[in-house]
Amino acid sequence: MLAADLVPLFQRELELCRVASGQNVLIFTDPQFPYPEYAQAAFAACRALGANPYLMVGTSWGKLADRLVHASWCSADLILGMSTVPRGIGSWMYTEVHTAALHAGARALMIQEPLPALVRMMPNEEVRRRGLAGAALLQAAREIRLISADGTELSLRKDGRKAMYQCGIADEPGRWDHWPSGLVTCAPLEWSAEGTFVVKPGDVLLGLWRHAQTEVRLIFEGGKLRRIEGGADALALRSYLERAGDEGAFRVAHVGWGTDPRADWSQVGMDSESKYGTVLLALGRNTFDAPAAYCGMGGQNASEAHCDICCRNVSLDLDGQPIIRAEQFLVPELA
Ligand SMILES: [Fe+2]
């Protein structure tokens with residue numbers, strides 16, 4: 001019976017992504033993907049729209065680095081990625097083949113959250129508009145400053161780096177997006193983070209896939225995370241980052257904010273990254289670029305780690321202008 005709910009839902013999403021008659025849609029998944037019904041629903045939805053669906057199932061430990069993957073991804077109109085492969089680097093979005101496919105004219109949509117999240121944050125125009133306005137503002141900025149009553153005081157430079165937004169819609173060539181999501185982010189210069197970032201109990205350590213139970217203090221000098229202070233969560237985070245075995249795990253990947261008021265903070269996942277007015281600081285890999293406007297980050301950090309940290313009640317300034325206070329946007333077009 002699940003198909004009765006899923007197929008119309010996927011059809012609506014693919015219509016938003018402008019899937020049309022004759023387009024080639026490549027569905028990519030792996031045997032350990034926890035929602036195998038998504039590929040079937042996407043396949044049926046493509047057929048209902050007159051598109052040509054193809055299904056590629058790789059191994060659950062693949063690197064997506066061979067010629068077959070490259071040729072097929074670069075030849076697709078739309079890639080629907082339903083996989084957490086390769087594990088450890090924020091999945092396939094940070095792979096070279098993904099960037100190559102986007103530059104070859106494909107668009108790509110990630111779908112790997114539980115069904116209630118897909119429904120809860122079905123893309124809408126409000127989240128798209130807020131994301132686009134935020135990305136334009138962030139792209140033009142040069143300095144990001146984060147402040148909180150709990151002791152966060154962190155500055156980062158992003159001179160020349162682009163900014164991106166996610167709204168759950170991949171509707172133009174060269175654009176990647178993730179259904180569901182609502183956020184604005186960018187990759188600051190890797191040497192630039194300076195100061196302290198405080199993670200409070202109840203904030204989300206997405207790399208550990210849980211809410212923090214204890215305070216964690218991250219101290220940056222010259223872009224490098226020099227100290228991780230705190231109790232059990234600090235130990236776990238340090239262990240996660242050390243496991244990558246590279247220096248980039250201790251540098252910032254991306255910084256930004258959530259744009260979707262429908263996100264549920266009790267749910268760990270894209271709800272955490274998307275919650276309206278919250279601030280996101282990620283560590284590790286950020287080598288993702290895309291030719292579409294306000295998509296991709298152009299980062300230089302090729303770490304094997306990627307950990308998003310999503311926090312409540314953090315203030316954010318761009319070039320000295322207050323943008324977020326108490327999870328509210330002070331710039332009218334971002335609200
Ligand atoms: Fe991230």
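**View 1. Ala326 in the loop between strands S19 and S20.** Ala326 lies in the loop that links strand S19 (321–325) with strand S20 (328–329). The model shown in every view is predicted. The phi angle of Ala326 is positive, about 50°, although this residue is not a glycine.

**View 2. Asn313 in the loop between strands S17 and S18.** Asn313 sits between strand S17 (306–311) and strand S18 (315–318), in the loop. Its phi is also positive, at about 55°, and Asn313 is not a glycine. Around Asn313 there are 18 other C-beta atoms within 10 Å, so this residue is partly exposed.

**View 3. The cis peptide bond between Trp179 and Pro180.** Look at the bond that joins Trp179 and Pro180. This peptide bond is cis, with omega about 5°. Pro180 belongs to the loop between strand S8 (176–178) and strand S9 (183–186).

**View 4. The open sheet of five strands.** In what order do the five strands of this open sheet lie? The order is S2-S1-S3-S4-S8, and the pairing is parallel. Strand S2 (52–57) and S8 are the edge strands, and each of them pairs on one side only. Neighbouring strands are turned against each other by 20° on average, with direction ignored.

**View 5. Strand S3 and its two partners.** Strand S3 (residues 78–82) runs parallel to strand S1 (residues 24–29), and five bridges join the two. Within this pair, Leu26 stands opposite Ile79 of S3. S3 is also joined to strand S4 (residues 107–110), here by four bridges, and this pair is parallel too. Gly81 has Met110 of S4 as its bridge partner.

**View 6. The two faces of strand S3.** In a regular strand, side chains alternate between the two faces of the sheet. Now follow S3 residue by residue. Leu78, Leu80 and Met82 point one way. Ile79 and Gly81 point the other way. Which of these residues are buried? All are buried, whichever way they point. Five of the five residues of S3 are buried, so the strand is largely enclosed by the rest of the structure.

View 7. Three bridges join S4 to S8. The two strands run parallel. Met110 has His178 of S8 as its bridge partner. Met110 is also the partner of Gly81.

**View 8. Helices H3 and H4 cross.** The axes of helix H3 (residues 67–75) and helix H4 (residues 96–103) come within 8 Å. They cross at roughly 35°, and the crossing is right-handed. H3 makes the contact with Val69, His70, Trp73 and Cys74. H4 makes it with Val97, Ala100 and Ala101. How many of the contact residues are nonpolar, polar or charged? Six are nonpolar, one is polar and none is charged.

**View 9. The whole protein, for context.** The secondary structure comprises eight helices and 20 strands. The C-alpha atoms fill a box of roughly 55 × 45 × 40 Å along the principal axes. For 335 residues, a compact globule would have a radius of gyration near 20 Å, and the protein agrees with 19 Å. Buried residues make up 49% of the 335. Of the contacts with a separation of 6 or more, 72% link residues 24 or more positions apart.

Key. Residues are numbered from 1 along each chain as its sequence is written. This is a predicted model: local features need pLDDT of at least 70, side-chain atom pairs count only at pLDDT 80 or more; totals for chains, interfaces and linings use all residues. Axes are lines fitted to C-alpha atoms, for helices over the stretch in contact, and angles run from 0 to 180 degrees between N-to-C directions. A crossing is left-handed if the near helix is turned anticlockwise from the far one by less than a right angle, and right-handed if clockwise. Two residues are in contact if their C-beta atoms, placed from the backbone, lie within 7 Å. Ala, Val, Leu, Ile, Met, Phe, Trp, Tyr, Cys and Pro count as nonpolar, Asp, Glu, Lys and Arg as charged, and the others, Gly among them, as polar. The radius of gyration is taken over C-alpha atoms; the globule rule is 2.2 Å times the number of residues to the power 0.38. A residue is buried if 20 or more other C-beta atoms lie within 10 Å of its own, exposed if 12 or fewer, and partly exposed in between; C-beta atoms are placed from the backbone. Two strands pair if DSSP finds at least two bridges between them.
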